[in-house]
Structure formats: structure tokens, C-alpha cells
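Subject: Structure handover and notes

Dear colleague,

I am passing on the structure we spoke about, together with my notes on it. Please look through the coordinates before reading further.

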Amino acid sequence: MTPILSAQNLTKSFKNFKAVDDVSFSIAKGTVYGFLGENGAGKSTTMRMLLGLIKPDRGKVMINGVEFNNQRRYLLKHVGAIIERHDMYGYLSAWDNLRMMAQLSNSDISEKRLRDVLELVGLKGRERDKVKAYSQGMKQRLGIAIALVHEPELLILDEPTNGLDPQGIAEIRELILHLSKDMGKTVLISSHLLYEVEQVASQMLILHKGRKVIEGNVKELLDPKETLFEIKLATDTVLVQRLNESRWQPFLVSETDDTLTFKLHPAQVPDLNRWLVAHDAAVMEIKSKHSLEAYFLSLTHDPTDTTGTV
Amino acid sequence: MTQLIRQELYKTFRRPRTYISFAIIAAVTLIIEAALYADGKTFVNFALSGITEQFDVNGNIINGYLVTYIILQSLVVNIPLLVALVAGDTLAGEANLGTLRLLLTKPISRSQLVWAKFLASVVYTLMLLIWLAIISLGLSLLIFGKGDLINMKSDQIVMLLKDDVAWRYVAAFGFAALAMTSVAALSVLLSVFAENSIGPIVSTMGIILFFTIITNLGLPSFEVVKPWLMTTHMIAWKGFFDNPVPYDAILHSALILGAYIVVFVGVTIFIFNRKDIQS
């Protein structure tokens, strides 16, 4: 099946700085695709190239098998986007902002459609307020409404949770999942909040210093057999001798004065906890380290720096 | 395209900043009219002091036509600033707001966007001139009435009969629209390079002032460039108050200003189509 979006060998330099270096990937219809990287990794530059805002030095972008540069205006009718900040015309109302942007994508969009989209993003009742009076979260939701209003197949959302409080982040996450699962939209989402991408994406790509580090299925990349658990103990606990003689010894990866790190299947954790308690260990905290964050750090950190890597 | 132009006009005329220019024109015009109403005779006596010894000047000298002429002379340097205030903000203001990238992710071409913004600036310029015409000519005629227009030039005095003046103002405002459109085109061009509107506004005024100084200085070394400077031709509207009207010179100026507009808009489209949007 033709991917809805594919990027081939995208490369872009600004003066002597190579912002994106030979990045290729493709996105299947109906998936939520996570685009990960630290600030400055090249995510926004790549997304701007996907939308024609920045011209690549090399490489091309295909949407539904059609080269973007050849059919830019036609293809953009099928794409909705938020790029970095969710800026709009603050002196106009949300309704005016949405109506104007909707008309640029499709002049036949009805007022009912505008009302429906505002309801979907939770702005019903506030649509006549001027945008300058909106909170960050409301602006972000209006940005998503603008991206969605013309019913695009593909949504490109660059850092959609930036500047939001935890509740706002959760709402955006729910909305993205709803758009994908219930409405069949394909979503490309970038973030440096790795946990957020882990929550919504089924496929992901990690960018580091402008280069693609890895691309794949999130579940496969997060194989639970590889999970690391950090167990924090009260500092007066002495367990090493007993551990070395126990069945848990093969799972022990490292130890410090107060922390033991095990590589375990998550189902083994309750057993280990019971064993520790039975041997008078004061367990203060058990923390899973095998998140996407740990994985990301293991891929992008300097190999000579062993702290914090998997 | 029509949709895009309509939206640009909507944005322009919903923004409070747009009306600053209208308020400035009203304030300056009303102050001049009030001052001339209160102290017009002294002003006229001073202005005509050189000719009253040889000629007997009678009638309604301080009339609406003369007052309007004085107002236009006073505002000739200021109007380009008021045009740049909005035209310089067209692309740079969108870049500053962050809305430029939002617009360019919509299915519109960059050339269309430049055209829409330029045409919206032209409409704003026309509205500004119509406002100036209403507040200066309309109000002045209402307050001071009609009369013959005495146009005092450095080397001659042109006397225009009152029934021969109205059409000259219509033609002069029409020419001013073309001249100010060239200023709008310059501002839009400068706007493509900036990411806030201060730069293009100040740069437009800087260029206009610099060219005006060259135009007005009688130095021989400037004579070569003078015929090609837009500021030399922007004041050709004054020709409509000569007798006879120098139509050939006015047409020549109009063509040069038209060429400036074409070049400015063409270069803006060329650059904007190649620009990476990083704002």
C-alpha cells in the first residue's frame, strides 16, 4: 500500500550548519507516527520541509505517492498542520480565525462544520472571544481545530503539547488518540516529551543532531523483556551476600549503596518485592527505567558517558 | 484569490493600528484648518506681501481650495509614512505573529499571497487618500467656501478660477494614489526581508527621505539620478495646478512610478517564492 507520507533523503543546511542530514521515512495510513528528538535535533526543520515552508537542499517529499513540489496546493488540501507555536490573529475572535483558515482550505466549509470542530476541541461557548484573551491551552486547541476543520487525511503536529499544563497535555493526548482510532486520521506528531509520544504513537523515528537514529514500531522497540527496574532501599539495608546466593542474582545489573538495578520481565517484579521484604529489606521505591526515554537516551547519549544510559 | 484579498482586507481593517493613520490625517488637517480660520488673513498678507505692491488682490483669498493646497503641501512627506505603517506590516507582521507559516500550510500559492497583500495595501492607501480628500477638500470648502486658487510658485504665480479647480483636485488625488501605491509596493518589498514591521516602516521612510533630499538638492552631481528617482515623480500631482497643465511630464512621471510598482511587486514575488519560512 502506498504510504500517505514519505520523505526521501531530506537534507537541509543553514550556512555551515547541517540541520537535517539525509533523513528518510514513510508513514502508513491511519497510524500515529512519533517524531522524537531533543531541541535542535532537526524535527521542526524536517516538518517544515514536509509542508513546503523550507526548501530541502536535497531529497523529496511524497504525499499519497505524488511529489509534493509538483502538486503543492492540491496536496495541502489533504493536510492539516500546526508548526511549533500556535499563533493566530489575537485581535480577532476564535471564530474569525477558524473561519478564515477554513475558507483558505475549502471555501465550501459550512458554519455547522466550524461549530462541530470547536465542540470537538472543547471551545464551544468561547468562540466569540478574542484569541488574545485565550490561555495557552485554548490557543493550542484552536490550532488543532484549524488543522482539522477541512477534514484532512494527514495531520502534522509539531510539539502540540508545548506550554500546556498536565491537564492540557492529557486532553491533547486524548484528542489525538480519538482522531486516530475513531476518525481514521493519520497523525505525525513531534515532541521532546518522550513519554507523550510513547502514549500515542504506534511508529516512531528518533532524530539526533539532524540524523535518523532509528525508526520502528514502538512496541517492538519497547520489548518488556528488556525492562530495567531500579529498586531504592533504605541505606542501612545489607543484602548483597544474600542476593548473590539467591535466584535473583542473574537479573542484577548494577548496585550502589542504596539502589539495585535489575533487568526483569514486569511480571517478576511482585515476586522480587516479596523476596526483598521477606529478607528484611526496606523497599523505598521501585521504578521502571525502560521507558522510551531510557531507550532514547541510550541511543543519543555519548557512549563514553555511561551515566543514565541503558 | 478573491477570498484571499477579502481576508487581507478584513484583517487590515479589523486591526486598531490601521486607524492611527486616519486619526493622524484628521488631527493635522483640523489643526491647519482651525489655525487658518483663526489667523488666515495674517498668513495671506505675509504670503502675498511681495505682490501686493504691484497688484491689487481682492476677493475670498482664504478659500477651501487654497486651504486644501496648503494641507497637501504640509502632508506630502507624512503620507508615505502612513502608507508604510500598514504596507510594511503585511508580510513582516505575519512573520512576527507566527501566522505566516500557518497561512503557507494552506493550499494557496506564495505569489497569490503577495498579490493579495499588495492589493489590500493599495485599497488601504486609496481609503486613506479618500479620507484625506473628504477631510481636507470637503471640510475646507464647507468652512471657507469656494474661491479662485492662487498657486504661488518660486518663479511665478498661477491664478486658477474657482470653476476650473475641482477637476484638478480629482486628477491630483488620482495621481497621488499612483504615487502612494509605489510607496506601498516598496514597503511590501522591504517587508519580505524582515520578521517585524518596524524594519520595513523605518526603511521605507529612510529611502523616501534620502531620495527626497537628493531630489530637492540642486547639486549637479545628483542631476544624473534625479530623473529616475521615484520621489522626483511622486510630486508630479502639483502639475495639475499649473496653467497650462504639463500633461506630457505628468504622463512620464506616471509611467516611471508604474514601472517602480511592477519591479517592486515582481522582486517581492521572486524573493518570497524562494524564501525559507523559519519564523
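This is a predicted model: local features need pLDDT of at least 70, side-chain atom pairs count only at pLDDT 80 or more; totals for chains, interfaces and linings use all residues.

Chain B

The secondary structure of chain B consists of 11 helices and two strands, and read from the N terminus the order of elements is α-α-α-α-α-α-α-β-β-α-α-α-α. Chain B has a radius of gyration of 21 Å, close to the 19 Å that the globule rule gives for 279 residues, so it is as compact as a globular protein of that length. The C-alpha trace of chain B spans about 70 × 45 × 25 Å along its principal axes, and 39% of the 279 residues of this chain count as buried. If one takes the contacts in chain B between residues at least 6 apart in sequence, 79% of them join residues at least 24 apart.

Helix H5 of chain B

The buried residues are Thr90(B), Leu91(B), Ala92(B), Gly93(B), Glu94(B), Ala95(B) and Leu97(B), and they pack against helices H4 (78-87), H6 (99-104), H7 (110-144), H8 and H9 (198-216) of chain B. Just after H5(B), Gly98(B) adopts a positive phi of about 90°.

The interface

Between the two chains, 22 residues of chain A are in contact with 19 residues of chain B. On the side of chain A that touches chain B, helix H2 (72-76) and helix H3 (94-105) of chain A each supply at least two residues, and H3(A) gives the most, with five residues. By type, the residues on this side of chain A divide into 13 nonpolar, three polar and six charged.

The nonpolar cores

The largest nonpolar core holds 139 residues, of which Ala145(A), Ile156(A), Ile189(A) and Val83(B) touch the most other members. The largest share of this core, 13 residues, comes from helix H8 (residues 166-191) of chain B. Leaving aside residues up to four places away in sequence, Ile156(A) touches Met47(A), Leu50(A), Leu51(A), Val79(A), Ala81(A) and Leu188(A).

With best regards

Conventions
Residues are numbered from 1 along each chain as its sequence is written. Chains are lettered from A and ligands numbered from 1 in the order in which they are written. A nonpolar core is a set of buried Ala, Val, Leu, Ile, Met, Phe, Trp, Tyr and Cys residues joined through C-beta atoms within 7 Å. A residue is buried if 20 or more other C-beta atoms lie within 10 Å of its own, exposed if 12 or fewer, and partly exposed in between; C-beta atoms are placed from the backbone. Helices (H or I, at least four residues) and strands (E, at least two) are DSSP runs, numbered from the N terminus. Two residues are in contact if their C-beta atoms, placed from the backbone, lie within 7 Å. Ala, Val, Leu, Ile, Met, Phe, Trp, Tyr, Cys and Pro count as nonpolar, Asp, Glu, Lys and Arg as charged, and the others, Gly among them, as polar. The radius of gyration is taken over C-alpha atoms; the globule rule is 2.2 Å times the number of residues to the power 0.38.
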